[in-house]
Amino acid sequence: MKYINILPVVAIAAMFFYSCYDDKMDWYRDSSWGDIDESEIPLQLKEKIERYDVLNAYATYTLGVGISLDLYMNDDTYRTLVNENFDEIALGYEMKHGALVNNQGEINFASVDNFIAKLKTAGLTVYGHTLVWHSNQNAYYLNSLIEEIRIPAPDGKNILPNGSFEDGMTGWGAWGSGTAAVTTETALDGTHSLKATSSDAATQVWSLQVQSPEFSIIEGHRYQITFCIKSDVAGAVRLSFEEGEDIIQPFGNAYPPNNASDGSNNTISTGSSWKQIKYDGNNSELEFVAAITGTTQFRLDLGTYPDVTYFIDYVFVIDLDELPENLISNGTFENGISGWSAYNGSGPEHVTGEYAYEGNGAMKVVNETSYPAEQWRTQIHTNFKSAWEAGKDYRISFMIRSEGAGSVRCSTTNVSSEGAIHYQGDQNTSSSWQQIIWDITAEGEEDGFNFDLGAMVNTYYIDNVFVYEIEEEEAYEPIMVLKTDEEKAEIIGEALQEWIYDMVTHFRDDVKAWDVVNEPMDDGRPYELKTGVGKEVASDEFYWQDYLGKDYAVTAFNLARQYGNPDDILFINDYNLEYNLNKCEGLIQYVQYIESQGAQVDGIGTQMHISIDTSKENIAQMFQKLAATGKLIKVSELDVQVGTASPTTEQLAEQAEMYQYIADMYNQYIPEAQRYGITVWGISDNAKEHEYWLPDDAPNLWDKNYERKHAYKGFADGLAGKDVSEDFTGELQY
């Protein structure tokens, strides 16, 4: 920038006159002409603002800004202002749980990694915002972890006597070091289950064995064995037969391997939640085929670990060759999707491997537009092998999951356009496989059915479709098992640990400071934690504290400390601390509690989304209270609202005064050793920055055209601790 002395004497005298009376002149405009915009601010002030240096030239501590990743990566003007004026960047959304975690719990770091790489070339650092919050979460994924367990109903008749233990131990036996008895403590089917406890001396998988009742088998028939099991602590179970018996394959192998087996002894792990374990050709490495016609038994081996209590229920043996005929020709999709077609919308696709519920194939359907009352918009059809007969009862059973919260409805078709059409009620779907059953009494000549998937945008996976005529005694229903509070706490605790581990270890080289816990305190109960209980929560809200209790923050800080760098700076952050001083006190008390439980909190962030009429007395008191904690103090999300997107000159001046006041009070009341810094929230009043945040306001330091506002001068003066423009000369600049 060059300076040149070319002013004539008269001009110099005039400038001297105006500079002497700069603070005494009242600039105004006839109200009939409308509000004065910033372009009409007297030249003297505008010229002063233009002559100011970049913002961080006036700060003696970290000066940060909350920004949009997309704007930084793609808008040159925006990126230049960020790079020139600030030291540290906080992403407004893109480092939060909802932005990074998909509906299957997988994290995609690519966009943030690219952003950080670009940021580092400009010499800026990134602040971790934020690890644990109730908002901007992938609440769908987190809720899916704790939703009820769905135990599918078998499609055939149970040939095992007393598989629900309603007749006590009749037919069942047990031996080894441990105990086994029927209990009513917990059950899936009816009121009873089998409780078995391994002894403290158990060392071998066969140390405790439970043997089934005898059941009849037919030579050459295929069989399926299923049972449900859970344990009070981590345990293991193995299915076995009498060694050397060649009654049911695997012919002389007493310990058949399951596809979910954990090791060489063919055990499957158990835990505090019920799980269904299945053995058959799709779920075992060998198909269960009877080598004789007669009777046999199987055993459940529970002795791998000492002092484990198991509960067993819902035990079935199904003769797969005695199942009713499947009235559709391709319900397992093992070799494709022949027989299925789209009546409306996108056609089905064949998928394999991990996309199948079991076996090798499944059907995938994508619905791209939501039509809540027009489910038929995406409609996949198949024909029955023969039309239904009037008065008979039929069942349509299938397994389904979706990549997000979804909806499915089935409907039938009829030989005649005048014939009966049946419509199932809408059924919710989620990322977990679930069995959906629809029982219908036929009116006659129903010749096929549809999956109606148009209600909600989603990608759906369908497997094991079975349509058959049912008898009353074969009409088993799926079992829904709610998780206990203890189970939910364990699951959510594991999800929290996994999330913090993934974030902190991934960004360990680039992020040295984190908002570990964000907005914990309740506005209406300022000394209590927020809760989602009794509220209609938003789709992206998930309250970790409702499952983990008051110590959720203790856990979060300990995990962030454990997985991060030893010198990382860990903050707790909240808003309205200047508005509600009781909330400020409540946050301070919560920090004291966290530390009393063994965790360390390095700093407290006060967001300060304020307005031009926020109480200045409260602001000063807040800073004094925060300073007294001895913690690092950060103004973490500063913006000053004016209440309109088209502020007057007076409002712009009041905004500038408030920005300066914040910096003045921070410097006055926060000791130098406790000043982490100030982060302003956003760059400008441009509409691209305010699509979701304060869309009808002008809260920032640059205007909608990225020109410096009066607030820029006020904030810079506050950072510098003086009116920087007092040192400016009257020389022209160009």
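On a 1 Å grid over the protein atoms alone, a pocket is an open set of points with protein on both sides within 12 Å along at least five of seven lines, whereas a cavity is a set of points where a 1.4 Å probe fits but cannot get out; lining residues have an atom within 4 Å of a point. Grid points are joined across faces, edges and corners, and a volume is the space filled by probe spheres set on the points. The model is predicted, so that local features need pLDDT of at least 70 and side-chain atom pairs count only at pLDDT 80 or more, while totals for chains, interfaces and linings use all residues. Residues are numbered from 1 along each chain as its sequence is written, and side-chain values use heavy atoms, with hydrogens and water left out.

The largest pocket holds about 1000 Å³ of space. It is lined by 31 residues, of which I149, R150, K275, Q276 and Y357 are the closest to its centre. Strands (DSSP runs of E, at least two residues) and helices (runs of H or I, at least four) are numbered from the N terminus. Strand β14 gives the most to this lining, with 4 residues; α7 (139-146), β5 (149-151) and β22 (393-402) are among the other elements that each supply at least two. The lining of the largest pocket has 13 nonpolar, 10 polar and 8 charged residues, where Ala, Val, Leu, Ile, Met, Phe, Trp, Tyr, Cys and Pro count as nonpolar, Asp, Glu, Lys and Arg as charged, and the others, Gly among them, as polar.

Strand β14 also belongs to an open sheet of 5 strands, in the order β7-β8-β17-β11-β14, with antiparallel pairing; two strands pair if DSSP finds at least two bridges between them. In this sheet β7 (178-183) and β14 (275-279) are the edge strands, each pairing on one side only. Between β7 and β8 (residues 193-198) there are 6 bridges, and T179 has T197 in β8 as its bridge partner.

Strand β22 lies in another open sheet of 5 strands, ordered β19-β20-β27-β22-β25 and antiparallel in its pairing. Its edges are β19 (349-352) and β25 (434-441). Strand β19 is joined to β20 (residues 361-367) by 4 bridges, and E349 stands opposite K364 in β20.

The whole structure contains 2 cavities of 30 Å³ or more. About 80 Å³ of space lies in the largest cavity, whose lining includes H97, Y141, W499 and W544. Helix α8 (residues 485-506) provides the largest share of that lining, 4 residues. By class, the lining of the largest cavity comprises 6 nonpolar, 2 polar and 2 charged residues.
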